[in-house]
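Student: I am new to this structure and would like a close look at one part of it. Could you take me slowly through the sheet?

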Amino acid sequence: MTLTTSPHSHAAVVLQGIIRKFGKRTVLDGITLTIQRGELFGLLGPSGSGKTTLVKLITGIDSADGGTVHMLGQQMPRLSMLQRFGYMAQSDALYNDLTALQNLQFFAALYGLKGRQAMERINGAMEIVSLLPHLHKPVAAYSGGMKRRLSLAISLLHEPELLVLDEPTVGIDPVLRQSIWRELGAMRERGTTIILTTHVMDEADKCDRLALIREGKLTAVDTPEALKARTGSGTIEEAFIRLGEGEAR
């Protein structure tokens, strides 16, 4: 039997004809998209547009009703991929009755990190999100913004090849938001693929490419500059509105 290389092995994520329905409602309608390795790729759209559902399909948390998802050359969902990507959900999946350290140790074990290596990664990730002084504090005592930062630290723990972040900076103060973006930029420089959802326009501008999503359909995929040029817009917000109006006609 000859093993052939998957045609999707060179891309980070390949979505083909993705359909997802909840009851009679079609949440994602024929999404086809390729995200290259090493890209900082943004999914931009209003609440309810299908961004979070799409992210759940990419990570294998949810399954599509039609179409295929490949991540790093593997068809999803696939349990063995857990150690190759990091995921930060929109709602924080944390154990409130444990300390931050205990939460981190739990996820470190899940990612196969042990002993000294696990502690080095825990300290490093908590430093990135400026939470190191609060390592031994129960998560129940954390503010909403601190919980977001802890969730981000967990997704960074195992230095994944691919990072999927669902609105990572919601509820985080502007100064820390800047430092998180600096770290995301550094990770991209090191070759990490980053996929994030946002409805913050200045964050969308920092992405290499953007997919604009509205009512479960892609309205455009391009660089922020190209999207602005194509619509004669000064800002991404303006471009997004104009592209949406074009769809509605």
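**The open sheet**

Tutor: Six strands form an open sheet with mixed pairing, in the order β6-β7-β8-β3-β9-β10; strands here are DSSP runs of E with at least two residues, and helices are runs of H or I with at least four, numbered from the N terminus, while two strands pair if DSSP finds at least two bridges between them. At the edges lie β6 (85-88) and β10 (217-222), each of which pairs on one side only. This is a predicted model, in which local features need pLDDT of at least 70 and side-chain atom pairs count only at pLDDT 80 or more, whereas totals for chains, interfaces and linings use all residues. Residues are numbered from 1 along each chain as its sequence is written, and side-chain values use heavy atoms, leaving out hydrogens and water.

Within the sheet, β7 (residues 162-166) and β8 (residues 193-198) run parallel and are joined by five bridges, and L165 has L196 as its bridge partner in β8. Helix α5 (residues 174-189) packs on the sheet and touches β3 (40-44), β7 and β8, where contact means heavy atoms within 4.5 Å.

Strand β8 also holds T198, which is buried, with a relative accessible area of 2% (buried means under 20%, exposed over 50% and partly exposed in between, with a 1.4 Å probe and protein chains only). Leaving aside residues up to four places away in sequence, T198 touches L43, L44, G45, K51, E167, E203 and A204.

Note on methods: Axes are lines fitted to C-alpha atoms, for helices over the stretch in contact, and angles run from 0 to 180 degrees between N-to-C directions.
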